[in-house]
Amino acid sequence: MNHPILNFLNRQETTLCPPHPKLTSEVVVDEAVLEVCRTFDYDFTGRSFFEIPAFSAPRTDWSIGLIVGPSGSGKTQLLRHHFSIPERLDWPRDRALVSLMPDDPQGRLMGAGLNSIPSWCKPFHVLSNGEQFRAEIARRLTDGAVFDEFTSVVDRDVAKSCAYATQRFIRSRGFKRVIFATCHSDVEEWLQPDWVFDTGTGGLHPRDCLCRPRIELHVHKTTPAAWGMFRKHHYLTEDMNLSARCFLATWDKKVVGFASALAFPNGNFKNAWREHRTVVLPDFQGLGIGVRLSDFVAGTFLSAGCRYFSKTSHPRMGGYRENSPFWKATSKNRKSRPDYAYGGTTKEDGHKKAHAARVCFSHEFCSPTE
């Protein structure tokens, strides 16, 4: 019978795993211990034993392995016995995150789903638990990296988004034999490991058509007042034009993103709009919500007979548009704007002068058939 799990297991070399040693701990049997034993009729000599679950990692060429099971079932001991527990990272209080990445700082931070540029420029100790968790992932990822207690210190929204962003980064970089251990089985479908070992059952299973759950966003019109909860996470400025048309995105009844657009007067065409702000809250970054929200808002204007433009210096957003059938590059794409250096004294003129040398991605939203 052609069964994916049997085929996977049959491909492994059938070698007997050496018996795992029993771990032993010993305490002094004092009066407090004796009192507990008498009260609960517990036969105890002062020595405790724990046997590490029998396990052999698959010998095939894999990228991501996941060890999952309840607390106390041997996950950490398996890591120590078969892999290694990494040393604690040092995070100097006077250094920004982006300064401490081993290579490609921007790519690593975005790879872990930490897309907030303001957070890149902060020291580790001032970040939220979720941002610190992503920073640890970004700095440690390499061939053979080991992550114990994966997602144990963050809420489940952060866990899901970080797991998904991390697995994409691992596969895009071609990292091999990266191990995660956790007591939370809900990250499995987001991390999409090549194999899963359950310390509770002792079973080793391959990934079998494991797909990421569908993310269904609901987008509603809102007012500029909603910008308040997003302003600190925007990479350019906390200000927003109060004449903007605003949109709020929710997922599972939780607010996750904000987008806005401004009228774009131009002598060459009529009825045009441009993207003003698009921000996803840090807990939900790394899932592709920002680019999808931007596409949706642009699509609403296109459907209403408008033209829609956007300029961004964010590498993740710009890179997405360079490869998307819904966006086409303008003549100003990835070019500096020396013409911005000249002009009047209005607030808009001042903004342009400040960004004359800044190279940005510049695109117009379109239908795929254009």
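Val-36, Phe-40 and Tyr-42 make a nonpolar patch on the surface of this predicted model, with about 360 Å² of accessible area together. A patch here takes residues with over 30% relative accessible area and no salt bridge, joining nonpolar side chains (Val, Leu, Ile, Met, Phe, Trp, Tyr) within 5 Å and like charges within 9 Å. A salt bridge would be a side-chain nitrogen of Lys or Arg within 4 Å of a carboxyl oxygen of Asp or Glu. Areas come from the Shrake-Rupley method with a 1.4 Å probe, and for residues only the protein chains shown count as cover.

**More on the patch**
- Val-36 sits in helix 2 (residues 31–40).
- Val-36 counts as partly exposed because its relative accessibility is 44%; buried means under 20%, exposed over 50%, and partly exposed in between (1.4 Å probe, protein chains only).

**The chain overall**
- The protein chain has eleven helices and 14 strands, which are DSSP runs numbered from the N terminus (helices H or I, at least four residues; strands E, at least two).
- Of its 370 residues, 43% count as buried.
- The chain exposes about 20100 Å², with carbon and sulfur atoms supplying 52% of that.
- Take the contacts (heavy atoms within 4.5 Å) with a separation of 6 or more: 70% of them come from residues 24 or more positions apart.

- Seven strands build an open sheet with mixed pairing, in the order 8-9-10-11-12-14-13; two strands pair if DSSP finds at least two bridges between them.
- At the edges are strand 8 (217–222) and strand 13 (327–329), each pairing on one side only.
- From one strand to the next, the twist averages 30°, with axes fitted as lines to C-alpha atoms (for helices, over the stretch in contact) and angles running from 0 to 180 degrees between N-to-C directions.
- Strand 11 (residues 272–280) and strand 12 (residues 307–312) run parallel and are joined by three bridges; Arg-274 has Phe-309 in strand 12 as its bridge partner.
- Helix 10 (residues 315–322) packs on the sheet and touches strands 11, 12, 13 and 14 (361–365), its direction making about 50° with that of strand 14.

**A hairpin**
- Strand 6 (residues 195–198) pairs with strand 7 (residues 203–206) in the antiparallel sense, over four bridges.
- Trp-195 has Pro-206 in strand 7 as its bridge partner.
- Four residues lie between the two strands of this hairpin, and Gly-202 in the turn has a positive phi of about 80°.

**Reading the numbers**
- Residues are numbered from 1 along each chain as its sequence is written, and side-chain values use heavy atoms, leaving out hydrogens and water.
- As the model is predicted, local features need pLDDT of at least 70 and side-chain atom pairs count only at pLDDT 80 or more, while totals for chains, interfaces and linings use all residues.
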